[in-house]
Amino acid sequence: MKCFLIKSLSCCFIIMAGCGTIVNKSRSNKQLGFVPFDDNHIQYEGRIEHKTDAAYLYWPGSTVRIKFNGTAIKVLLKDFNGQNYFNVIIDGVVVKKIRIDSVKKMYLLADSLEPGVHTIALFKRTQINKDYNRGYTKFFGFQIVGDGFVLSAPARKKRKMEFYGNSITCGHAIEDTTGTDSGQSFFENNYLSYAAITARNFKAQYYCIAESGIGLMAGFRKEIMPEIYNRTNPFDSLSSWNFDIYTPDVVVVNLLQNDEAVFKQPQSDAFKRRFGNRMPAEQQIVRSYQAFIQKIRSHYPKAYIICVLGNMNITQAGSPWPGYVNRAVADMNDRKVLTHFFPYKGAPKHPLIKDHELMAASLTEFIRANIKWQ
């Protein structure tokens, strides 16, 4: 391995060809060991917006990753209002979760690691949601502690998946074993959702566009999925996502649970806001679902699209909703649009970890049986 010594009046540092860049030997005015958010050694996964001051992490499952040689590392973050949690993943293993403060500050991710090469990832466990008063997190960069140095970003996974969904896909209340089905961010963990597990099963990149209470035609949020699905920041109607940035091989859509709940409450504000006093006809439901799938198809002409339902009461015996989805898909006559329904879990409230594991196993088996990856 060749090493080249570079000297100047203001700094003295070593660039090691083929092994990475030492970041803590600089004598310039830059913070020692700091790798800023816009450094190309940092890898991002998910719909993330880069502004002049930071990378803005909105959606659940948004991930920031760095590879370095060293024993300790920190991260500089600031949250919208202190409601977001992240998993800290070291060399592929979740070691802890951290809550991000609304004050900009450093967080120690790891210390006393074995000397050598390590990969650190921050995985956003929690969703962005106006009604929960939960917003984005700003990522400013990593701080490598001691004599460590940053390495080239890990190779990107070749396979790509994208999920559109509601609270089930978010992992809402997934860790709430109290039986209260709490919406607190502390109990939410998208990393253990069926969506994230399935993506990991296929060693695929993972993009998750999901929000609790969201519907296709109506839900418990003012906006519906067709109104926010193409945004980078779901809070901002002018924040348009560039679909050319990421082209998934497989898209999974798990919606309608909130539509079903709203349709049971025709006197509710959520219903009246969308339909007034008139119940939508079945054909309107079918066409609305079909129109959304066609929007996805327009962005991803070659992707497989899997239309799933469940595992809450929308797939229980006698439910008409699987029939609506089957009709919508059949009318499209698109051999790459498929359906797969999770069985009703047999109890109210949101699925817990074990339920998500069963859904992930079911979806994984379905994909292996029906989809040929490129």
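In what order do the 5 strands of the open sheet lie? In this predicted model, local features need pLDDT of at least 70 and side-chain atom pairs count only at pLDDT 80 or more, whereas totals for chains, interfaces and linings use all residues. Residues are numbered from 1 along each chain as its sequence is written, and side-chain values use heavy atoms, with hydrogens and water left out.

The order is 17-16-18-19-20, with parallel pairing. Strands (E, at least two residues) and helices (H or I, at least four) are DSSP runs numbered from the N terminus, and two strands pair if DSSP finds at least two bridges between them. Strand 17 (204–210) and strand 20 (337–341) form the edges, each pairing on one side only. Strand 16 (residues 159–165) is joined by 5 bridges to strand 18 (residues 250–254); Tyr 164 has Val 253 of strand 18 as its bridge partner.

Helix 2 (residues 194–201) packs on the sheet, touching strand 16, strand 17, strand 18 and strand 19 (304–309), contact being heavy atoms within 4.5 Å. Helix 6 (residues 282–299) also packs on the sheet and touches strand 16, strand 18, strand 19 and strand 20.

Technical notes:
Axes are lines fitted to C-alpha atoms, for helices over the stretch in contact, and angles run from 0 to 180 degrees between N-to-C directions.
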